[in-house]
Amino acid sequence: MQTVLFHSTVYGPIHSRRLGMSLGINLMPNDGKICSFDCVYCEAGWNAQGQGHDGVPRRETVKRSLKKKLEELKAAGSALDVITFSGNGEPTLHPDFKGIIHDTITLRDHYYPEAKVSVLSNATMAGKPAVKEALLTVDNNILKLDSAIASTLRAINQPLNPNVIPEGVIDDLKEYQGQCIVQTCLLRGEHNGVKIDNTTPQEIDALIAAYLQIQPREVMIYAIDRQTPEPNLEKVPAQELDDIAQRIEAAGIKVQARG
C-alpha cells in the first residue's frame with residue numbers, strides 16, 4: 001500500500017510546478033493520513049493506511065517548527081516563494097486551523113514578507129465560518145472541484161460524507177465572492193471496475209458552468225504527475241490540457257494548465 005508522503009510538520013522547500021519554491025506545512029499526522037476525501041489519485045495514498053499514532057501537531061508545535069525553519073532559510077539566504085499548507089490529508093480539518101493560519105501570516109510577514117501563503121484544500125470544510133475566515137486571509141486560497149457531476153465526483157474523490165455533492169461545494173465557493181482559486185485534477189482510468197473520465201465534453205461543460213457560478217480569481221487545471229494509489233489511471237497529455245484550458249478561457253475565465 002502506498003504510504004504517506006510527509007513525515008514532518010514543516011518540510012522542504014520543494015519546487016512546486018504551480019506555486020514555485022514552496023515550504024510545506026503538514027497539519028495531519030506524520031505517520032498517518034486524515035482526510036474527508038479518499039481520492040483515487042492522492043499522492044499520500046489511501047485513507048485505509050490509518051491515522052497513525054502521532055496525532056495532529058499542536059498549534060504551538062507548528063509555530064515553533066515554522067519559525068525555526070524560516071530562521072534557517074533566512075540565514076542561508078535561500079529564496080522562498082510560498083508557504084503551502086498541504087500534507088497527509090485535509091489541512092482545514094485541524095481543530096486550530098484558524099489560529100495556525102494567523103501564526104503563519106505573522107511569521108511570514110517577519111521573515112519573508114514577499115512570500116505568499118497558500119492553502120490546498122478539498123473544499124469540504126469551506127462553508128465552516130472559522131475555516132472560511134482563515135482562508136480569506138491567505139494569498140492563495142486553492143479549493144478543489146474535480147467534477148460538477150455527482151457520480152464522477154464520488155468516483156474520483158470518494159467523499160467520506162455521502163452528502164457531499166457538487167452543488168453544495170459550488171454554493172460554498174460562491175460565498176467567497178471570487179476570493180479563491182479553483183483547482184481541478186483531470187484524469188481518466190478505472191477504479192473498482194468503475195470507469196473514470198472527467199475530460200469528456202459533458203464534464204468540461206459542467207465544470208465551466210460551475211466556474212461561472214463561482215467566479216474564482218483563477219482556475220488551475222492539472223494532470224496527475226506522481227505515483228497514485230489507484231494504478232489504473234491515465235495522465236492527460238499536455239496538449240489536451242491546453243485544449244481544455246482554451247475552452248475554459250473562451251468562457252471568460254482565467255485559467256492556467258500544468259501537465
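These legends describe close-up views of helix packing and strand pairing in a predicted model.

Residues are numbered from 1 along each chain as its sequence is written. Local features need pLDDT of at least 70, side-chain atom pairs count only at pLDDT 80 or more, totals for chains, interfaces and linings use all residues, and side-chain values use heavy atoms, leaving out hydrogens and water.

**View 1. Helix H1 packs on helix H2.** H1 covers residues 59-76 and H2 covers residues 97-111. Helices (H or I, at least four residues) and strands (E, at least two) are DSSP runs, numbered from the N terminus. The H1 and H2 axes lie 10 Å apart, at an angle of about 20 degrees. That angle makes H1 roughly parallel to H2. Axes are lines fitted to C-alpha atoms, for helices over the stretch in contact, and angles run from 0 to 180 degrees between N-to-C directions. Angles under 35 degrees count as roughly parallel, over 145 as roughly antiparallel, 65 to 115 as roughly perpendicular and the rest as oblique. The crossing of H1 and H2 is right-handed (the near helix is turned clockwise from the far one by less than a right angle).

**View 2. Side by side, H1 meets H2.** Contact means heavy atoms within 4.5 Å. From H1 come Arg59, Val62, Lys63, Leu66, Lys67, Leu70, Glu71 and Lys74. From H2 come Gly99, Ile100, His102, Asp103, Thr104, Leu107, Arg108 and Tyr111. By class, 6 are nonpolar, 3 polar and 7 charged. Here Ala, Val, Leu, Ile, Met, Phe, Trp, Tyr, Cys and Pro count as nonpolar, Asp, Glu, Lys and Arg as charged, and the others, Gly among them, as polar.

**View 3. Strand E4 pairs with E3 and with E5.** Two strands pair if DSSP finds at least two bridges between them. E3 (residues 82-86) runs parallel to E4 (residues 116-121) over 4 bridges. Isoleucine 83 faces valine 117 of E4. From E3, the chain passes through H2 to E4 in a right-handed β-α-β crossover (with the strands pointing away from the viewer, the path from the first strand over the helix to the second runs clockwise). E4 also pairs in the parallel sense with E5 (residues 140-144), over 4 bridges. Leucine 120 has isoleucine 142 of E5 as its bridge partner.

**View 4. Helix H6 packs on helix H7.** H6 (residues 201-214) and H7 (residues 238-250) have axes 10 Å apart, at about 40 degrees. That makes H6 oblique to H7. Their crossing is right-handed. Pro201, Ile204, Asp205, Ile208 and Tyr211 of H6 touch Ile244, Arg247 and Ile248 of H7. This contact has 6 nonpolar, no polar and 2 charged residues.
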